[in-house]
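Visitor: Please show me the model, and let us go through it step by step.

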Amino acid sequence: QLVGASYKRLHPEVYILDRERFLHPAFSELVEEMSKCPDKPRAIESCVSDLTSRGLLKPLKRGIWSFPVFTAEFCDLLEAELA
């Protein structure tokens with residue numbers, strides 16, 4: 001509590017998530033596309049395959065994918081905040 005009471009935020013905007021500014025457009029598209037995908041294993045596999053072919057998902061291992069979530073601006077601000 002003592003640290004929190006005396007801590008001065010360098011970038012207070014990182015504590016309030018501005019989706020347009022801080023979420024990567026590819027992440028927003030990925031979320032939108034996955035929400036349209038039927039909740040059946042074959043349909044999900046098809047959705048994942050489509051998203052992978054479009055470059056929105058990058059397979060790392062079986063069942064594990066990589067995708068951008070935050071913008072470079074947000075990452076820079078957060079890194080500066082934590083430094």
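Guide: First, a definition: buried means under 20% relative accessible area, exposed means over 50%, and partly exposed lies in between (1.4 Å probe, protein chains only). This is a predicted model, where local features need pLDDT of at least 70, side-chain atom pairs count only at pLDDT 80 or more, and totals for chains, interfaces and linings use all residues. Residues are numbered from 1 along each chain as its sequence is written, and side-chain values use heavy atoms, with hydrogens and water left out.

Visitor: Is His 11 buried or exposed?

Guide: His 11 sits in the loop between helix 1 (2-6) and helix 2 (19-22). Its relative accessible area is 18%. The cut-off for buried is under 20%. Therefore His 11 counts as buried.

Visitor: Which residues is His 11 in contact with, leaving aside its neighbours within four places in sequence?

Guide: Contact means heavy atoms within 4.5 Å. With those neighbours left aside, the partners of His 11 are Leu 77, Ala 80 and Glu 81.

Visitor: In what order do the elements of the protein run from the N terminus on?

Guide: Helices (H or I, at least four residues) and strands (E, at least two) are DSSP runs, numbered from the N terminus. The protein has five helices and two strands. Their order is α-α-α-α-β-β-α.

Visitor: Where does Cys 75 lie?

Guide: Cys 75 has 39% relative accessibility, so this residue counts as partly exposed. Cys 75 and Phe 22 are 53 residues apart in sequence, and their C-alpha atoms are 8.5 Å apart in space. The element that holds Cys 75 is helix 5 (residues 72-82).

Visitor: What radius of gyration does the protein have?

Guide: The radius is taken over C-alpha atoms, and the globule rule is 2.2 Å times the number of residues to the power 0.38. For a compact globule of 83 residues, the value would be near 12 Å. The C-alpha atoms here fill a box of roughly 55 × 25 × 25 Å along the principal axes. The protein has a radius of gyration of 17 Å.

Visitor: How many salt bridges does the structure hold?

Guide: Side chains of opposite charge can pair when their charged atoms come close. A salt bridge is a side-chain nitrogen of Lys or Arg within 4 Å of a carboxyl oxygen of Asp or Glu. One of them joins Arg 21 and Glu 13, with the closest N and O atoms 3.8 Å apart. The number of salt bridges in the structure is seven.

Visitor: Why does Arg 21 count as partly exposed?

Guide: Partly exposed is the range between buried, under 20%, and exposed, over 50%. Arg 21 falls there because its relative accessibility is 33%.

Visitor: How many residues apart are Arg 54 and Glu 29?

Guide: Arg 54 forms a salt bridge with Glu 29, and the closest N and O atoms are 2.5 Å apart. The pair links distant parts of the chain. Arg 54 is in the loop between helix 4 (41-53) and strand 1 (58-61), while Glu 29 is in helix 3 (residues 25-36). Their separation is 25 residues.

Visitor: Which residues do salt bridges that share partners join into one network?

Guide: Arg 54 also meets Asp 50 in a salt bridge, at 3.0 Å from N to O. Shared partners connect such bridges, and the network holds Glu 29, Glu 32, Glu 33, Lys 36, Asp 50 and Arg 54.
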